[in-house]
Amino acid sequence: MKILINNTISKSGLEALEESGFEVIETKVAQNQLENYILENNIDAILVNKTTQIRQELIEACPSLKLIATTSASMDNIDVGYATDNGLHVVNATKAVASSVAELVFAHLFGMARFLHSANREMPLEGDMRFNELQKAYAQGTELRGKTIGIIGFGKVGQEVAKIAIGLGMHVLANDTIVQEATITLDFFNAQKMAFQIETVSKDTIYKEADFISLNVSEQETHLITATEFEKMKNGVGFINTAKGGVLNEVDLVNAIESGKVQYAALDVFETEPTPAVQLLMNPEISLSPNLGASTKEAEEKTGLEIANQIIALLH
């Protein structure tokens, strides 16, 4: 059985596939040549990243395909519904990237709480001339310990966010449309473990009580957070979105920042990637990163193995 690795896969993932008897073809095929390549080589499964489009037309034209895999947490580039309706397996790695995304949430959160996102912009420009003034401007930072974080989306990533938050001594509120409760287990360096049971609450409870809100949901059909939701939040809330660009109304976010409802925000994903709106990029109260949630060396290694294991289980 032939697998086209049209992206890259970790060494451990590649070895797992080859040891299971799959013929692995590692080559980057251009989008406009993909159909011909699959047909000419009778490809059974394909692994892509988020830039390669696997649409209905390609699936229809390539009857040999049995499985589509992506290394991205998002599957926006794949017609998942059509593929599954026609008997194809569609898989990605969500567990493998959960820790990486959760740590990015807190990278932004630590930075925002101490105004590093703004100080890092100002210090190179004016640190030598306005040092004392900048020191005073950023002196009213916030400690995370004892604060309440609201996690909207309590799947694998949301639970990893909760794990870090608990370790920091934060109070955790979580919401999910499916998960009603979850056991969060903290593993310590000396092999000790401690488990915490968290029951999910309503979004309105989170809006009312959370000092910081992290979006960790899957793709939504419409905006999940708009002006209506911002109005329900605490004044001066900190807001983080590492989930999907389309789940947040970005214009409403900017307005909420300007009104003071949101003190600062962090965005790793955007509605108009790869060209985020200028009013976001230039806003001094927004901490920014270019969709790095799942991008760590460790996540890459774990993703390859998780994808490989899914392929082996479904096609072997």
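Tutor: Serine 100 touches Gly293, Ala294, Thr296 and Ala299, residues up to four places away in sequence being left out of the count, and contact here means heavy atoms within 4.5 Å. The model is a predicted one, in which local features need pLDDT of at least 70 and side-chain atom pairs count only at pLDDT 80 or more, whereas totals for chains, interfaces and linings use all residues. Residues are numbered from 1 along each chain as its sequence is written, and side-chain values use heavy atoms, with hydrogens and water left out.

Serine 100 has its place in helix α5, where helices (H or I, at least four residues) and strands (E, at least two) are DSSP runs numbered from the N terminus. With a relative accessible area of 9%, serine 100 is buried, since that word covers values under 20%, while exposed means over 50% and partly exposed lies in between (1.4 Å probe, protein chains only).

The largest nonpolar core has 31 residues, and within it Phe106 and Ile149 touch the most other members. At least two residues of this core come from each of α5, β6 (148-152), α8, β7, β8 and β12, and α5 gives the most, with eight residues. Phenylalanine 106 is in contact with Leu144, Ile149, Val161, Ile164, Ala165, Leu168 and Met170, once its neighbours within four places in sequence are set aside.

Ile257 leads on to helix α11 (residues 250-259), where it is buried together with Glu250, Asp252, Leu253, Val254 and Ala256. These buried residues of α11 pack against α10 (227-232), β11 (237-241), β12 (262-267), α12 (278-281) and β13 (286-288), and the helix is followed by glycine 260, whose phi is positive, near 90°.

In α6, which spans residues 116-126, the buried residues are His117, Ser118 and Ala119.

Serine 10, in the loop between β1 (2-5) and α1 (11-19), is buried, with a relative accessible area of 5%. Leaving aside its neighbours within four places in sequence, serine 10 is in contact with Glu300, Glu301, Gly304 and Leu305. Glycine 169, by contrast, is partly exposed, with a relative accessible area of 33%, and is found in the loop that runs between α8 (156-167) and β7 (171-175). Not counting residues up to four places away in sequence, glycine 169 touches Arg145 and Gly146, while its C-alpha atom is separated by 33 Å from that of methionine 282, which lies 113 residues apart from it along the chain.

Methods
A nonpolar core is a set of buried Ala, Val, Leu, Ile, Met, Phe, Trp, Tyr and Cys residues joined through side-chain atoms within 4.5 Å.
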